[in-house]
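Please examine the sequence and the model shown here.

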Amino acid sequence: MRSLVIYLLLTTSALAQDTMTAKEFDEHVTGRTVTFLNELGQDYGVERYMEGQRVMWSDFNGTCQYGIWFESKGDICFRYDGDPQHKCWAVYDSPDGMRATYTTSPPHNTIIEDLDRDTPLICNDLSS
């Protein structure tokens, strides 16, 4: 029951906030490499945000994916090379860093920007 109350408080809090616009998201991330944690505080992945809404993602396994991001219906969506399915997130800004909830399909996981880490993006599969 306590977990349900905490979940409802987090969900209600996120719903009360406005999602970041594409412009706000671009200003927050471009030129940065951001480390994300899941809701339990465990490593989720690292993404480098480059000019022109280009991205490079890795989930800590040394394999990187190139992609792009774009705004769709108020969400920030990502399409990665070799994956025709785009992935959309409702992204919120907070003093504790960005918080994003997956909206493409259940489960609607939430990830959190880790402001305390500057994890490098390691791509073992790239030759250059």
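The sections below cover the basis of the model, the strands and the cores.

## Basis

This is a predicted model, in which local features need pLDDT of at least 70, side-chain atom pairs count only at pLDDT 80 or more, and totals for chains, interfaces and linings use all residues. Residues are numbered from 1 along each chain as its sequence is written, and side-chain values use heavy atoms, with hydrogens and water left out.

Strands here are DSSP runs of E with at least two residues, and helices are runs of H or I with at least four, both numbered from the N terminus. Two strands pair if DSSP finds at least two bridges between them.

Strand 6 (residues 87–92) is largely enclosed by the rest of the structure, because five of its six residues are buried (under 20% relative accessible area, 1.4 Å probe, protein chains only). Strand 5 (residues 75–80) runs antiparallel to strand 6 and is joined to it by three bridges; C77 has C88 as its bridge partner. Six residues separate the two strands in a hairpin, where G82 in the turn has a positive phi of about 80 degrees.

Strand 7 (residues 99–102) is also antiparallel to strand 6, through four bridges, with R99 opposite Y92. This hairpin again has six residues between its strands, and G97 in the turn has a positive phi of about 105 degrees.

## Nonpolar cores

A nonpolar core is a set of buried Ala, Val, Leu, Ile, Met, Phe, Trp, Tyr and Cys residues joined through side-chain atoms within 4.5 Å. The largest has 19 residues, of which F25, Y49, W69, F78, V91 and M98 touch the most other members. Suppliers of at least two residues each include helix 2 (22–29), strand 5, strand 6 and strand 7.

Definitions and conventions
Buried < 20%, exposed > 50% of the residue type's maximum accessible area, 1.4 Å probe, protein only.
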